[in-house]
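Visitor: Could you walk me through this structure step by step? I am new to this and would like to ask as we go.

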Amino acid sequence: YLGEFRVPSNVDYLENLTVTSWKDNTTKVTLEVNKPVMIGPFISHLDVDEDEPFEYDLRNLGYNQVTEWNLVTDADWIDWDVEQIVYGTPDNSDVREWWVNISAIDDFGNSDFMNFTVKVANIPPTIITDDVLIAVEEQNYYVDYNCDDEGCGDTLWSIYPSSIEWLDFDPVYGVLNGTPTNDDVGNVDMIVSVDDGNGGSD
């Protein structure tokens, strides 16, 4: 068989080439440019939301069988399975950008790698504890406020006004505690809020 390649000036992997017969230019064959090991689909960056699971399915697009896969990342919340599906669920303490390196090799020493970043976007916290609106004279008043970011990252509680004579407030755990006396009878207006340390609050 005699023929010639009509090749574009730049050829990428997985791009098709057309081979045309030298004797009969109506006879053509399409070839796909490939290599032994090629990780795909290619990505350079992923955006994910805090508390939302994500996954990305990788595979070998080359023509040889991959015998060894490796994942290296600075994110302890990112993992993968035997099907090369990268997955994870970041929480409030994971809000920032992370890097991931994937590599693959076959039995003949052919290899490929892919680097990408994963950026975790912050989702503001939500207070999930109901307010206790009645305090009884000479009885302990106790409320342990919680939010959906509790225990994740630099969550910090606050109360306004910051000083109420018969009440103590723990800004780390969100605990409101105290015992009112007869002198404290009356209405007390206060606002309890939480900051997740990443610019979100409730």
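**A look at the surface**

Guide: Leu133 is exposed, with a relative accessible area of 78%, where exposed means over 50%, buried under 20% and partly exposed in between (1.4 Å probe, protein chains only). This is a predicted model, in which local features need pLDDT of at least 70, side-chain atom pairs count only at pLDDT 80 or more, and totals for chains, interfaces and linings use all residues. Residues are numbered from 1 along each chain as its sequence is written, and side-chain values use heavy atoms, with hydrogens and water left out.

Visitor: Where does Leu133 lie?

Guide: Leu133 lies in the loop between β12 (111-121) and β13 (141-144); strands are DSSP runs (E, at least two residues), numbered from the N terminus, and helices are runs of H or I with at least four.

Visitor: OK, and how many helices and strands are there in the protein chain?

Guide: The protein chain has 0 helices and 17 strands.

Visitor: Switching topic, is Asp51 exposed or partly exposed?

Guide: Asp51 is partly exposed, because its relative accessible area is 35%, and this residue sits in the loop between β5 (45-49) and β6 (54-57).

Visitor: What share of the residues of the protein chain counts as buried?

Guide: Of its 202 residues, 34% count as buried.

Visitor: And the contacts, what share comes from residues 24 or more positions apart?

Guide: Such residues account for 56% of the contacts in the protein chain with a separation of 6 or more, a contact meaning heavy atoms within 4.5 Å.
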